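The sequence and the structure are shown first.

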Amino acid sequence: MPNGVIIIDKPQEWTSMDICAKLRGIFHEKRIGHGGTLDPMATGVLPVFVGRATRAVEFATEGKKEYIAGLKLGVMTNTQDTTGQVLEQRPVQVDRETLKAALEPFHGDILQIPPMYSAIKRDGKKLYELARAGKEVERPPRPVTIYELEVLEEAPAGFPQEEDTWYLRVRCSKGTYVRTLCHDIGQALGCGGCMSALRRTEAAGYTLDQAVTLEELQAATDPASLLIPVDGCFGEYPAVTIRAEVLKKAKNGSPFACAVADGTWRVYGPDGEFLLLGRCAGGVMATIKSFFEV
């Protein structure tokens, strides 16, 4: 049975769930999940977990993400990106230094008001459903973290060079709306703004260098050969190989003796099989999540 992670370079107009549905057919496997939703407008890194590896999805969605975003100044829309209805247009007089200065307050821990066109639920309904019905409701600000935010020197490859458009590299926490960030930067500049393009360059520790297109995957003689082992999702944690005498306990989900420092570990069997992500305390390892085939 196929088991591992495939990094898809998601094309425009496809939803993340569209990609998962396509891969269920390619791998003939029902257990498919993705590591962080991308809007149809966005392209780039979409980690997709196949088979037993789907147990890692909950960890993948928690990690840092990196994007290249187009910031279109002077235009405000109802969706905070250029796919929406234009609400207002204003003249723009912004140079690079002015923009860089405006970005400073957006570094670190900030609060964002989620956009109405989002999948967040309010009273059982998604906000975008209310927005399409012409309703707007109050949304409490949510804390997010912007780890890095910079203006790129020029439009990256594949991005058009457009008037009053700047390109930003954004490294951020889970839950960050990059289009809201673009909107808020435009507000801070006084001319308004929205997102004109978005490409995710990193998610769950995976980068564009590891990504394949749908066309490349479909053309592969053996699609399963392109799967990356799921332990790569936990590369930030140290690894330990356990002794044969505790293997049974580990596979039964019971705590077992392990002479390593306290903390989170990638745990491997004597034959090199990735068994589980575990937490050690006082020389005893407990399973956080197991990944061996059963």
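## Aromatic pairs and the packing around them

A search of the whole structure finds 6 aromatic pairs, a pair being rings of Phe, Tyr or Trp (its six-membered ring) with centres within 6.5 Å, where planes under 30 degrees apart count as stacked, over 60 as edge-to-face and the rest as tilted. The rings of Phe234 and Phe291 have centres 5.5 Å apart and planes at 50 degrees, so this pair is tilted. The pair links distant parts of the chain, 57 residues apart, with Phe234 in the loop between helix 6 (214-219) and strand 14 (239-241) and Phe291 in the segment after strand 18 (284-290). Tyr268 and Phe274 also form a tilted pair. The two pairs are set out below.

| Pair | Centre to centre | Angle between planes |
|---|---|---|
| Phe234 and Phe291 | 5.5 Å | 50 degrees |
| Tyr268 and Phe274 | 5.4 Å | 50 degrees |

Both Phe234 and Phe291 are buried, as are Tyr268 and Phe274; buried means under 20% relative accessible area, exposed over 50% and partly exposed in between, with a 1.4 Å probe and protein chains only. Ring pairs join Phe59, Phe234, Tyr268, Phe274 and Phe291 into a cluster.

Charged side chains also lie over rings, a term that requires NZ of Lys or CZ of Arg within 6 Å of the ring centre and within 35 degrees of the ring normal. Arg52 lies over the face of Phe292, at 5.8 Å from the ring centre, and the charged end of Lys64 sits over the ring of Tyr147, 4.3 Å from its centre.

The model is predicted, so local features need pLDDT of at least 70 and side-chain atom pairs count only at pLDDT 80 or more, whereas totals for chains, interfaces and linings use all residues. Residues are numbered from 1 along each chain as its sequence is written, and side-chain values use heavy atoms, with hydrogens and water left out.

The secondary structure of the chain comes to 7 helices and 18 strands, which are DSSP runs numbered from the N terminus (helices H or I of at least four residues, strands E of at least two). Of the 294 residues in the chain, 49% are buried.

Helix 3 (residues 96-103) has Leu99, Ala102 and Leu103 as its buried residues. Seen down the helix axis, these fall within an arc of 100 degrees, so they line one face of helix 3, the arc being that of the directions from the axis to the C-beta atoms. They pack against strand 4 (65-73), strand 10 (142-151), strand 11 (165-172) and helix 5 (178-189).

Helix 5 is followed by Gly190, whose phi is positive, near 90 degrees.

Leaving aside neighbours within four places in sequence, Ile185 is in contact (heavy atoms within 4.5 Å) with Leu71, Leu99, Leu103, Phe106 and Leu168.
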